[in-house]
Amino acid sequence: MFTDRVRVFVKAGDGGAGALSFRREKYVPRGGPDGGNGGRGGNIILEVSNDLNSLADFRYKHHFVAPAGGRGGGSRRHGKDGRDLLLKQRLVAAAGGRGGRGNANFKSATRQTPRFAELGEPGKSRWLTLELKLIADVGLLGLPNAGKSTLLAASSAARPKIADYPFTTLEPVLGVVELDPETTFVMADLPGLIEGASEGAGLGLQFLRHIERTRVLIHVVDGTAGDREKLWSDYEQVRGELRKYSSALARRPQLVAINKMDALADAGEVLAFRQRLVRLRRRSFPISAATGEGVQDLLWAAARALKKTPREQLAEPLPALKVYRGPATAEPFTIVSQEGGFTVSGSQLERLLAMTDLRNPEALARFQRTLDRWGLNEALARHGARGGETVRIRDVEFLYDPSR
């Protein structure tokens, strides 16, 4: 089954904890702190792949977790960085957590023997929706049952499902057209468009995006659909949906293939339709995909049009590696009053809490000093705190004490 849209959960690796360690050597009774830093957690990186033509790899596996960083060690040994986990795209979708600093980093003139180290920063996690846009050189478009699948089968080794009823093609099918050893291109058969496709009717929006990066379009019209006015109406219906979806796509080089000529007793209506196309400077080709009549002329015209429309004209420049960090608060914290206390939140504050070992008295004292420096106690007092209220930061609760 063709898969071009999936939803996956990604979590970057947590940073490794810093080491709480002191130098221990003979004849060095007071060697001082030598705890190394924890390693960085692995990132979740989306990487573009030219040979990816389906998201089927993500159909059954929806959760991806990068490895955590290693713990720091004594003798200032730093933990191993977690290995990055690559998915096929090009973006750091979830950044790995920073490794916690070992106690050697906290030595100062007033603190010679720090007995605490940081925990590793948790890796970021989020849900992602991945969407694939196939890249074909030539896209076949038209109303249902116009004969697009038959044309692709007659032009390449692709074997799409073919039957005499609308919506036979329910997913894009790619085929390689080889006119001679020097002239080949990829052609895509797309589900038929109906009125309202640009707004999601039928399978429109799911598959219109697959022709956004094609260089040439072949509009297949059923020559047996009716008189010249009916042929023109069918042609304009598809053109209108293209314009609504993307004006740039509607301006793409386009050839018109009038199919099923072998089933026509009188070609007069088709001739009148073709004359009308000439006034629009639209090249048209009477063909029979079933018998092969006229197909080679159409394909060679498509090959010549491709040479005039280099891929570079449509290619979007690849950006440098981007890191998506998500929303972050500019201030260290925000306070929300609630019954019996307050909820305090903020990316800086929550990162500090996550990297603090609350079981270690020295680490807890450093956490409190940092909050004092940020002005949390004064801010709580301005919000009406008097003492004894519960202050919640993520899943941790403290009691507010204005006297300390």
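Modeller: Let's take helix H8, residues 361-374: its 14 residues should span 20 Å at 1.5 Å a residue, and its end C-alpha atoms are 20 Å apart, which agrees. (The expected span is 1.5 Å times one less than the number of residues; helices are DSSP runs of H or I with at least four residues, strands are runs of E with at least two, and both are numbered from the N terminus.) Bear in mind that this is a predicted model, where local features need pLDDT of at least 70 and side-chain atom pairs count only at pLDDT 80 or more, while totals for chains, interfaces and linings use all residues. Residues are numbered from 1 along each chain as its sequence is written, and side-chain values use heavy atoms, with hydrogens and water left out.

Start at the ends. Asparagine 360 caps the N-terminal end of H8, with a side-chain oxygen 2.9 Å from the backbone nitrogen of glutamate 362. Just after the helix, glycine 375 has a positive phi of about 85°.

Now the packing. Ala363, Arg366, Phe367, Thr370 and Leu371 are the buried ones in H8, buried being under 20% relative accessible area with a 1.4 Å probe, protein chains only (exposed is over 50%, partly exposed in between). They cover an arc of only 140° around the axis, so they sit on the same side of H8; the arc is taken from the directions from the helix axis to the C-beta atoms. Their cover includes helix H7 (347-354), helix H9 (376-382), S15 and S16, where contact means heavy atoms within 4.5 Å.

Two of those covering elements belong together: S15 and S16 form a hairpin with two residues between them. Strand S15 (residues 390-393) runs antiparallel to strand S16 (residues 396-399), and four bridges join them; strands pair if DSSP finds at least two bridges between them. Valine 391 has phenylalanine 398 in S16 as its bridge partner. In the turn, arginine 394 has a positive phi of about 55°.

Notes:
A polar contact is a pair of N or O atoms within 3.5 Å; within protein, one must be able to donate a hydrogen and the other to accept it, and residues adjacent in sequence count only if both atoms are side-chain atoms.
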